[in-house]
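I opened a new entry for this chain.

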Amino acid sequence: QVQLVESGGGLVQAGGSLRLSCAASGRTFSSYAMGWFRQAPGKEREFVGRISSGGSTYYADSVMGRFTISRDNAKNTVYLQMNSLKPEDTAVYYCAARYPSMWPAVVPDYWGQGTQVTVSS
């Protein structure tokens, strides 16, 4: 069982930055692929990006070059650094975990509760 708790959301102006954190419970965190999804009002939840257990990353085209995912296995934490934010990035952001790998079309094993990110124009 893995429990995920996100933090770091908030209100930011367009062009600004935010860093989300996701703290995970469990002794096997390092073996899980970790990812971020988001859901805007009236839209389906969409894949943002993921980091494998080995540290390789993969991003949606919409965030490529602006968002960066990293992980600290010693702290059981995964991060989402968001730069050059746009109003269309406004959404609830969810942390997710899946063993052994994560891809956009595959449902994760575990979800966090979500954190709101609002980008004002």
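The radius of gyration is taken over C-alpha atoms, and the globule rule is 2.2 Å times the number of residues to the power 0.38. I note that the model is predicted.

**Overall dimensions**

I applied the rule first. For 121 residues a compact globule would have a radius of gyration near 14 Å, and the chain, at 13 Å, agrees with that. I then looked up the box along the principal axes: the C-alpha atoms fill roughly 40 × 25 × 25 Å. Burial came next, and 45% of the 121 residues count as buried. For contacts with a separation of 6 or more, I found that 57% join residues 24 or more positions apart.

**Strands**

I listed the elements and got eleven strands and zero helices.

Which residue of strand 8 is the bridge partner of L18? I found M82 there.

**Aromatic side chains**

I counted ring pairs with centres within 6.5 Å, and the count comes to seven aromatic pairs. I looked at F47 and Y58: their centres are 5.9 Å apart and their planes make 40 degrees, which is a tilted pair. F47 belongs to strand 5 (residues 46–51) and Y58 to strand 6 (residues 57–59), so this pair ties together parts that are eleven residues apart in sequence.

F47 has 11% relative accessibility and so counts as buried. Y58 has 37% and is partly exposed.

I then looked up which rings go together. One aromatic cluster is formed by F37, F47, Y58, Y94, W103 and W111.

Last, I searched for charges over ring faces. R45 lies over the face of Y94, at 3.7 Å from the ring centre. R50 lies over the face of W103, at 4.4 Å from the ring centre. Y94 and W103 are both among the members of the aromatic cluster.

Note on methods. Residues numbered from 1 in each chain as written. Predicted model: local features only at pLDDT ≥ 70, side-chain atom pairs only at ≥ 80, totals over all residues. Heavy atoms only, no water. Pairing = 2+ DSSP bridges. Helix = DSSP H or I, 4+ residues; strand = E, 2+ residues; numbered from the N terminus. Phe/Tyr/Trp six-rings, centres within 6.5 Å; stacked < 30°, edge-to-face > 60°. Buried < 20%, exposed > 50% of the residue type's maximum accessible area, 1.4 Å probe, protein only. Lys NZ or Arg CZ within 6 Å of the ring centre and 35° of its normal. Contact = heavy atoms within 4.5 Å.
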